[in-house]
Amino acid sequence: MAHQWVFWIFVLTCGRSVKNVRIVGGQDATPGSWPWQVALFTFGSSSCGGSLITNQWVLTAAHCSSFLDLLFTKVHLGHHNQLGLNPNAVTQTIEKIVCHPAHNPFTSENDICLLKLSAPVNFTDYIQPICLASGNSTFYNGTSSWVTGFGDTTDGGSPSNVLQEVNVPIVGNRECKCYYKDVTDVKENMICAGLKAGGKDSCQGDSGGPLMIKKDSIWIQSGVVSFGDGCALPMRPGVYTRVSCYQKWISNTITGTPPGFVAFMKTKLKLSIKERIKTSKTTSKSN
């Protein structure tokens, strides 16, 4: 019998946006530029955000979800305008809700939830899944990131009619802990992003939406909008659920097509002063 060779070719199908070449301090997004963005509507009004991660599963925040969503919440995909027409949008109901069993609403730990749609969706230029950060990902201080949502455009203001996008840098956990030491404890399964001077941030109504980083041509979700102290205040960056900490839980929960996990790793561009002194001494000794 002749030997038969079978080759499997893995093609990453997540994190691609054909259209992508209020959030506080943000700008209107171009239709289709964030095709994984989900808008959750409860009793007919936008309540939270989310992200499409497979053809039948949505990732959002646990504090956005309850058993009532099975009856009263609609999932809008390809949605861009709250008041105008959305010719590329699809609306689904929710079949199943699985929130992290260790979610603590008082500390916001494990603020992550998975929603199973009532039926699989067909992918278009305006509806696509995003890749998720795998467990071995690293996000250094200052890494450029993006947040999207239909939330309030000012602290205590009104929701945006058009999907908003804002560019914010990652804030290292050590620095973020210092900023929040009098408010709450920022855990290692959280990730922060924002400007020290404030002015750009996610806000009420953006909860559950994605914090994203681009690797080459692929978009990777690093966080889920969770909480903050006000919106866009100085030294009060937004705090997000760190997606990379939940790869195993997500993989074990999701049925059907699995999500795409991608490692994001970036080398530090600059050494700290102590590291430079240490490196200089080592070099001198070797000479």
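# Pairings, disulfides and confidence

Me: Opposite isoleucine 170 stands alanine 193, in strand 11. What makes strand 10 and strand 11 a pair?

Reply: The model is a predicted one, and in it 2 bridges in the antiparallel sense join strand 10 (residues 164–171) to strand 11. Pairing requires at least two bridges, so this case meets the cut-off.

Me: Which way does strand 11 run relative to strand 14, and over how many bridges?

Reply: Strand 11 and strand 14 (residues 238–242) run antiparallel and are joined by 4 bridges. Alanine 193 is again involved, standing opposite glycine 238 in strand 14.

Me: Where do the side chains of strand 11 point, and are they buried or exposed?

Reply: Met190 and Cys192 point one way, while Ile191 and Ala193 point the other way. All of these residues are buried.

Me: How do you know that cysteine 176 and cysteine 192 form a disulfide?

Reply: Their sulfur atoms are 2.0 Å apart. The limit is 2.5 Å, so the pair qualifies. Cysteine 176 sits in helix 2 (residues 173–179) and cysteine 192 in strand 11, 16 residues apart, so the pair links distant parts of the chain. Both cysteines are buried.

Me: How many disulfides does the whole structure hold?

Reply: A search finds 5. With the bonded cysteines of the protein chain numbered in sequence order, the pairing reads 1-6, 2-3, 4-5, 7-8, 9-10.

Me: What makes cysteine 48 and cysteine 64 a disulfide?

Reply: The sulfur atoms of cysteine 48 and cysteine 64 are 2.1 Å apart, against a limit of 2.5 Å. The link is left-handed, with -80° about the S-S bond. Cysteine 48 lies in strand 3 (residues 45–52) and cysteine 64 in the loop between strand 4 (57–60) and helix 1 (69–72), so the link ties together parts 16 residues apart in sequence.

Me: Why is cysteine 64 called buried?

Reply: The relative accessible area of cysteine 64 is 14%. Buried means under 20%, so the residue qualifies. Cysteine 48, at 10%, also counts as buried.

Me: Which hand does the link of cysteine 203 and cysteine 231 have?

Reply: Right-handed, with 90° about the S-S bond. The sulfur atoms of this disulfide are 2.1 Å apart. Cysteine 203 is in the loop between strand 11 and strand 12 (210–215), and cysteine 231 in the loop between strand 13 (218–227) and strand 14, so parts 28 residues apart in sequence are tied together.

Me: Why is cysteine 245 called partly exposed?

Reply: Its relative accessible area is 42%. The class runs between 20% and 50%, so cysteine 245 falls inside it.

Me: In what order do the 6 strands of the barrel close?

Reply: The order is 2-3-4-7-6-5, with antiparallel pairing. From one strand to the next the twist averages 45°. Strand 5 (residues 73–77) pairs with strand 6 (residues 90–99) over 4 bridges, where valine 75 has glutamine 92 as its bridge partner.

Me: What is the mean pLDDT of the protein chain?

Reply: The mean is 87, and 87% of the residues reach 70 or more.

Technical notes. Residues numbered from 1 in each chain as written. Predicted model: local features only at pLDDT ≥ 70, side-chain atom pairs only at ≥ 80, totals over all residues. Heavy atoms only, no water. Buried < 20%, exposed > 50% of the residue type's maximum accessible area, 1.4 Å probe, protein only. Axes fitted to C-alpha atoms, helices over the stretch in contact; angles between N-to-C directions. pLDDT = per-residue confidence, 0-100.
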